[in-house]
Amino acid sequence: MESLLFPIIMLAVTLIGGGILLLFLKTSKKTPQTDADSAAMQTAQQFINVKDIRDKYLYTRSGMVFIYLRIHAISIDLYSKSEKNVLIKTLTAELSDIQYPFKFMALSRPVDISPLITEMSEMLKEAEDKRKELLRQEILQMGGFALSGEIVERQFYIALWEKQEEGIERDLLKRASLLCEKFATGGVTCDILTEKEIVRLINLVNNPSYTHLEDAETAASIPVLKGVM
């Protein structure tokens, strides 16, 4: 009887160990597929941490409220040195009392040249034979630029945010309006983005079809305001 006990114990241990091994292998095989299925079920809002966009505000899933400002670009190429110094000093003085965090974004987006193409198409209807051929070639070339996205413009945005709580939207709007006034004092136009404009901005940041790759070399550096000591 004792001689049969040892083989029975070994057989039981082997069966239990084999069952545990099969269960482990089965579980490990299902894990990647389960992860892939859960990733595929993620919505765009979950992926980019956006819960909702209403009016002038973006609500995140992490409990934050954002408001965005667009800074319209100005050309200082025709400014004299003294005018540049005045602009720098004015903006520095206006923005020096800001005690809250903000995020500055400089993004590139393709220029909308569809109005120019439409205008040339209207001219084509009344043009003479030689001008028609020139206009056709110009329209084709402009259409190629529009499709390739090679003509881009820089757009500048500022994001302000606070933790979501009752009445915080009013405080954010007041803060954003005051910031717009500070830029306006320096002659820089600024406005607060609405719901559709926020969606366009989110697409510009997160949607590859909206972006344009730039061949620009960048290096870490400390920005310096020249002419102000």
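The largest pocket of this predicted model holds about 730 Å³ of space, a pocket being an open set of points on a 1 Å grid over the protein atoms alone, where a 1.4 Å probe fits, with protein on both sides within 12 Å along at least five of seven lines. The volume is the space filled by probe spheres set on the grid points, which are joined across faces, edges and corners. Of the 20 residues that line the largest pocket, I74, L87, L91, F183 and V188 are the closest to its centre, where a lining residue is one with an atom within 4 Å of a point. Two or more lining residues come from each of α3 (81-95), β5 and α6, and α3 provides the largest share, six residues. Helices (H or I, at least four residues) and strands (E, at least two) are DSSP runs, numbered from the N terminus. By class, the lining of the largest pocket comprises 17 nonpolar, two polar and one charged residues, with Ala, Val, Leu, Ile, Met, Phe, Trp, Tyr, Cys and Pro counted as nonpolar, Asp, Glu, Lys and Arg as charged, and the others, Gly among them, as polar.

The second largest pocket has a volume of about 270 Å³, and of the 14 residues that line it, F66, Y68, K103, M105 and I202 are the closest to its centre. At least two lining residues are supplied by each of β2 (57-60), β3 (64-71), β4 (103-110) and α7 (195-206), with α7 giving the most, four residues. This lining divides into 10 nonpolar, three polar and one charged residues.

Six salt bridges are found in a search of the whole structure, each defined as a side-chain nitrogen of Lys or Arg within 4 Å of a carboxyl oxygen of Asp or Glu. In one of them, E162 and R175 meet at 3.1 Å, N to O; E162 lies in strand β5 (residues 152-163) and R175 in helix α6 (residues 168-185), so the pair ties together parts that are 13 residues apart in sequence. E162 is partly exposed at 26% relative accessibility, the term covering values between buried (under 20% relative accessible area) and exposed (over 50%), with a 1.4 Å probe and protein chains only. A further salt bridge joins E133 and R136 (3.7 Å, N to O), which are three residues apart in helix α5 (residues 129-148) and thus separated by about one helical turn.

Residues are numbered from 1 along each chain as its sequence is written. In this predicted model, local features need pLDDT of at least 70 and side-chain atom pairs count only at pLDDT 80 or more, whereas totals for chains, interfaces and linings use all residues, and side-chain values use heavy atoms, with hydrogens and water left out.
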